[in-house]
Amino acid sequence: MSTFNYSRTADTAKRLITKYGMVGQIRRSTSTFDPVAGNVVMDSFTETNASMVTLPSNNFLVSFDEKTDQQIANMGRVFIVASKGLPFEPEVHDLIKFDGRVWEAIGSKPLNPSGTDILNIIGCIESGERWT
């Protein structure tokens, strides 16, 4: 019995997302809390470009966890599908700039059968933060 070629599937997914999607940016901030001043200090951020497509959350069934699913159901939301090859896996609170809007990740689920990175599905809500 032959084995399934996940690498070929990953390449096809990347090709289709690149062809029909748009390039967006994913930003992860690293910050610390200063207890003396009582505020959060932004230390640094990491940013990467990625090919992405969006899917309306009401037409796409992905489950992250019960709390996140409820947040997605109650707010202006989308799912962003990012192609393989990101230098880091998207996490909660990462910011995503896509199609002229800034989104905040509230859940992320990689699709990586047999350890082959195919794509990342990111549940997002529109963010009030500015991209600077």
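1. The lining of the largest pocket divides by class into seven charged, four polar and four nonpolar residues. Here Asp, Glu, Lys and Arg count as charged, Ala, Val, Leu, Ile, Met, Phe, Trp, Tyr, Cys and Pro as nonpolar, and the others, Gly among them, as polar.

2. A word on the source: this is a predicted model, in which local features need pLDDT of at least 70 and side-chain atom pairs pLDDT 80 or more, while totals for chains, interfaces and linings use all residues. Residues are numbered from 1 along each chain as its sequence is written, and side-chain values use heavy atoms, without hydrogens and water.

3. The volume of the largest pocket is about 260 Å³. Its lining has 15 residues, of which S29, M42, H93, L95 and E129 are the closest to the centre. A pocket here is an open set of points on a 1 Å grid where a 1.4 Å probe fits, with protein on both sides within 12 Å along at least five of seven lines; lining residues have an atom within 4 Å of a point.

4. Which elements give two or more residues to that lining? They are β1 (22-34) and β2 (39-56), with β1 providing the largest share, four residues.

5. Stepping back, the protein has two helices and six strands, in the order α-β-β-α-β-β-β-β from the N terminus. These are DSSP runs: helices are H or I, at least four residues, and strands are E, at least two.

6. Of the 132 residues in the protein, 36% are buried, meaning under 20% relative accessible area with a 1.4 Å probe, protein chains only.

Conventions
Grid points are joined across faces, edges and corners, and a volume is the space filled by probe spheres set on the points. Buried means under 20% relative accessible area, exposed over 50%, partly exposed in between (1.4 Å probe, protein chains only).
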